[in-house]
Amino acid sequence: MKILLLMAFSIALLTQLAVASVPQTENQQEQIVTPQTRNLADKELFAVVEFSGNIAFSSEELEAALFSGHKMLNFGPFKVGKELLFLPEGTENLKEHLERVRFFLGKKGYLRARIGELKIEDLSEGVIKVLVPIEEGACYRIGRITVKGSQTITSAEIIETSGLRYGEPINAAAIQEKIFKDIKDKYADKGNIQASVDFVPEFKLPDPTVAEGLIDVTIEIDEGRLFTIESIEFLGLTKTGEWLLRDLLLVREGQPYSRQKLNETLKRLNQLGIFEEVKDKDVTVRTSDRGALVKIGFQIKELSSQR
């Protein structure tokens, strides 16, 4: 599930970058449902997919990205010498499948890669051929990295956490995982649970015909307020003294909230062996914007065999 969510976020980032920087024609915006494919929507199909225009990556590499984690079929009357892509909803979900190809290209530095207008041909009953034109564009390597708005965490630490390294190809998946998630997690561990992080790219391509360009990156931080712990409550205790559990706490009233310390506290509680496992869902964290305060509650269920 985590991988699927990451991929969805990264695809959204690629779309935002591509749409913001490259003008689209009307045909390019309507990539999937064209007059020749409308009658194939909602009809179960098998598709032979062929790529064209790709230079930096072979068609085999793009096919591997397309079929990654999905069924590959080549059997019975449908043997056509290539793997078949199963489309249970017809051409309606074809765009979703092809986004995996653009996701693959985005991880390799091709943030502006585009999929052109598709051409679809009937091969036989229930089998189609999809011709996919690829516009790879330039491979963008990381240039200057700037951090703005950081006070609690140093710029050097933020850059280290971001995973960005000068001269390396930019990676859309890493942007989502390292910048939008890991940097925010670092702030949450210091009590800035409402911190926001923005990725601002500046593409530099001296000539549209060159194979590589630079991307200068600005990481903009809004740290927000520091949240402190107002109260910690244990619910469900009937036999165990609360003092025993409080001795295990790594988070305390009056201290800045830390998700990492809360997770470590959870491990300590479960190591006692006198409760049913306390899971994340058994921990409530309620915030109050008025005073930048946090209330933490642990729902405990004691084992019946406890003495």
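Helix 3 (residues 59-67) and helix 4 (residues 94-107) pack at an angle of about 120 degrees with their axes 8 Å apart, and the two helices are therefore oblique to each other, a class left for angles that are not under 35 degrees (roughly parallel), over 145 (roughly antiparallel) or 65 to 115 (roughly perpendicular). The model is a predicted one, in which local features need pLDDT of at least 70 and side-chain atom pairs count only at pLDDT 80 or more, while totals for chains, interfaces and linings use all residues. Residues are numbered from 1 along each chain as its sequence is written, and side-chain values use heavy atoms, with hydrogens and water left out.

Helices (H or I, at least four residues) and strands (E, at least two) are DSSP runs numbered from the N terminus; axes are lines fitted to C-alpha atoms, for helices over the stretch in contact, with angles from 0 to 180 degrees between N-to-C directions. Where helix 3 meets helix 4, E61, L62, A65 and L66 of the former touch H97, L98, R100, V101, F104 and L105 of the latter, contact meaning heavy atoms within 4.5 Å.

Strand 7 pairs with strand 9 (residues 212-222) in the parallel sense over 8 bridges, and K148 has E220 in strand 9 as its bridge partner.

How values were computed. Two strands pair if DSSP finds at least two bridges between them.
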